[in-house]
Amino acid sequence: MNPHPLHSPRGAQRRSLLLSLAFAASGLLAACSAAARIGPPQSPADYATERDSAQGGFRVSYRTDGAVPVGRLHAWTLRVLRPDGTPVTDATIAVDGDMPQHLHGLPTRPRVTSHLGQGEYLVEGVKFQMGGWWVMDFDITAGGRTERVRFHLQLKK
Ligand SMILES: [Cu+2]
C-alpha cells in the first residue's frame, strides 16, 4: 500500500500547474512579440494627412470638418494629384479601414460618392467606432495604374 496516498496526486497537480504557467508565459510572449510586430508607427510623419502612394504615382491628402471624430458618421475629402501636382480627375477609388491590433475593420462601408472637381473626391460613410490606432487604405486607379495609399490615425475617444 502507498504510505503517502496524497503524495502522488499532489505532485501531479503541481506538475500540471507548472505546465499551465509555462504555457501561459509562452502565450504571453507570443502575444507581445506579435503586438510589437504590428505596433503603430512611432514617427509623427507617419500620421501626416498627405502621403505618396506605394509606388509614388499619386500624391494624396485628406481633410475632414474639424478633428476626425470617434463614434460619428462623417465624410472625408480626398485630394489626388500626380507627383507634379496635376489633379487626377478620373480616378476610381476603393476605400477600406481597420485596426491592425484589434483585427477588426470599420462598422460601415465608406465609398467615394462624387468627384468634387480639381482632383477632390467626396468619401461618405466613414465611422470609427473606437479610439486608438487606425489605418485607412485607398486603392486609387487612374491612367492605367492602381496604387494604394495608407493613412495612419491615432484617434482619441
Ligand atoms: Cu478596435
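This report describes the strands, the nonpolar core and one selected leucine of a predicted model.

## Basis of the model

Because the model is predicted, local features need a pLDDT of at least 70 and side-chain atom pairs count only at pLDDT 80 or more, while totals for chains, interfaces and linings use all residues. Residues are numbered from 1 along each chain as its sequence is written.

## Overall make-up

The chain has 1 helix and 9 strands, where helices (H or I, at least four residues) and strands (E, at least two) are DSSP runs numbered from the N terminus. Read from the N terminus on, the order of the elements is α-β-β-β-β-β-β-β-β-β. Of the 157 residues, 16% count as buried; a residue is buried if 20 or more other C-beta atoms lie within 10 Å of its own, exposed if 12 or fewer, and partly exposed in between, with C-beta atoms placed from the backbone.

## Strand pairing

Four strands form an open sheet in the order S5-S4-S8-S9, with antiparallel pairing; two strands pair if DSSP finds at least two bridges between them. Strand S5 (104–105) and strand S9 (145–155) are the edge strands, each pairing on one side only. Within this order, strand S4 (residues 92–99) and strand S8 (residues 132–142) are joined antiparallel over 7 bridges, and aspartate 96 stands opposite aspartate 137 in S8.

Strand S6 (residues 111–117) and strand S7 (residues 120–126) also run antiparallel, joined by 5 bridges, with arginine 111 opposite glutamate 124 in S7. The hairpin of S6 and S7 has 2 residues between the strands, and glutamine 118 takes a positive phi near 60° there.

## The nonpolar core

The largest nonpolar core has 20 residues, and those with the most contacts inside it are Val60, Leu78, Val80, Ile93, Phe138 and Ile140; such a core is a set of buried Ala, Val, Leu, Ile, Met, Phe, Trp, Tyr and Cys residues joined through C-beta atoms within 7 Å. Strand S2 (59–63), strand S3 (74–81), S4, S7, S8 and S9 each give two or more residues to this core, and the largest share, 4 residues, comes from S8.

Leaving aside neighbours within four places in sequence, leucine 78 is in contact with Val60, Tyr62, Ile93, Tyr121, Val123 and Phe138, contact meaning that the C-beta atoms, placed from the backbone, lie within 7 Å.

## Leucine 81

Leucine 81 is found in strand S3 and counts as partly exposed because it has 17 C-beta neighbours inside 10 Å. Leucine 81 and valine 60 are 21 residues apart in sequence, yet 6.3 Å apart in space, C-alpha to C-alpha.

Terms used
Two residues are in contact if their C-beta atoms, placed from the backbone, lie within 7 Å.
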